[in-house]
Each structure stands twice: as C-alpha cells, then as structure tokens.
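Hi,

Here is the structure I promised to pass on.

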Amino acid sequence: MKKIAKERSLGEQAYDIIKQSIISGDLSPGDVLPEEKVAGDLGISRTPLREALQLLAQDGLIVMEKGKRAVVASYSPSEALDYLEVRSVLEAYNIQTIEFTLDEALISDLEKNIEMQERTIKDLDYQEFNDLDLAFHLLLAERNKNKTLAEMIKQVNKGVNRAFLLLSKTLPISVKDAVEEHKSIVNALKDRDISLAKIKMEYHMQQVGKRIQIYLKEGEF
C-alpha cells in the first residue's frame, strides 16, 4: 500500500487506501490487518489507523472483534440477499412516507446524483458508482421525519449487502440497469405518483436480488 499525503485527515486517507486495496483484491477476505504493520506501511500512527478501521467496519468491509485484530470481511450471497430483503421493506415504506417533504430541491439532488452515476459508468469507476448509489438511497431516507427509520436505512445500506456488491465484483454488469431503475423512481416522484414510486423502488430491490442470483447460477463467485 502507498503512503498517504496530508490534504485530508489521516484517518480518511487511510480509509480510502485500505478500502481500495480490498476492492481491488490486493487484500482478500480473511486477511488480517495488524495495526502496527498497516500503520507502518501507511506511514501513520495507530490513532488515525483505528479511525479508518472503524469506518471500514461500518461499511461492512472488515470485521473487528474485541481484543482481536481487524480482518477483511467475507460474506455469503445468502447473507447479502437477507439484507437486501430488509432494505426493500424499509426503503419502499420510506417512499410511502416522504410525500409531504418531497420538493424540487430533492428531485434536483437526485437527478444530479444520477448524472454523476452515469459519468462513473463511462469512467469504469465502480467504487465511485457504489458510493453514489449509496448517496442516492440516503437522499431519500434523509427526507423522512422519522429519524430512527432513516438511520436504520443508512445502516442496512452500509452493511453486508453493499459490501457484498463490492467484494463480489457484480457492479460492472449491473450498473446500467441500476441507473435506469433509479431514473424510474425519480420520474415517478417528479409526477408526485407516490404509489408508483414505491412500486419502482420495490422493483429496483427485486432486480438487484435477481442480478445477484443470476451471477450465482453463472458461477461468478
């Protein structure tokens, strides 16, 4: 791993570098991340490294057990599908309940997000696409007045399901369909057709699940 510069916080930079190492396959599921060695490789102290490891654990990319070293996470497709089922329930319900906070500013933010998603596809930058995909779903969740629900959506979006999408390398095949599904959700919201938007969100979640299952049958994992 390369040493880091000092424009951003050391913890944030360490997070980015380790995350990219996991996504690229330089670090594999089950690999141990001993703090002393990793901190030395990055040229930082253990304090910012621990900040980075906490962020990676929140993303579901590493597992940290009390008194033990951090380990690169590994997930089964069935775990990812279980999380996806929970996401579907929460996010469809969220669409149903944000009608009175829906405005042009939200629509504009969602459309800008989709434009950036399309640029990442052209650039083959699937890590950035995944970050923007997460942001798309959180833009909707953040409009919910029920902050507990919004936080639940945030957590389930950053857990096993999304980590699996990165680690399984399914994104290059699925991103174009995902963008079109996002567009259909936004178009329904623009028309103030909440019922249709909810259906489109449910369809989007179903399609993500189907794409994972298709890749399984084709022996991608």
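This is a predicted model: local features need pLDDT of at least 70, side-chain atom pairs count only at pLDDT 80 or more; totals for chains, interfaces and linings use all residues.

Residues are numbered from 1 along each chain as its sequence is written, and side-chain values use heavy atoms, with hydrogens and water left out.

Let's start with a helix pair (helices are DSSP runs of H or I, at least four residues, numbered from the N terminus). The axes (lines fitted to C-alpha atoms over the stretch in contact, with angles from 0 to 180 degrees between N-to-C directions) of α5 (residues 104–122) and α9 (residues 171–190) come within 10 Å and cross at roughly 165°. That makes the two helices roughly antiparallel (angles over 145 degrees). In α5, the residues that meet α9 include I107, L110, I114 and I121, and their partners in α9 include V175, V179, V186 and L189 (contact means heavy atoms within 4.5 Å).

Now the cores: sets of buried (under 20% relative accessible area, 1.4 Å probe, protein chains only) Ala, Val, Leu, Ile, Met, Phe, Trp, Tyr and Cys residues joined through side-chain atoms within 4.5 Å. The largest has 26 residues, and I95, L110, F129, F136, L140 and L189 touch the most other members. Its largest share, 8 residues, comes from α9. Leaving aside residues up to four places away in sequence, L189 touches L102, I107, L110, L140, I194 and A197. Another core, of 19 residues, lies apart from it, with V38, A52, L61 and I62 among them.

Best wishes

Methods:
Angles under 35 degrees count as roughly parallel, over 145 as roughly antiparallel, 65 to 115 as roughly perpendicular and the rest as oblique. Buried means under 20% relative accessible area, exposed over 50%, partly exposed in between (1.4 Å probe, protein chains only).
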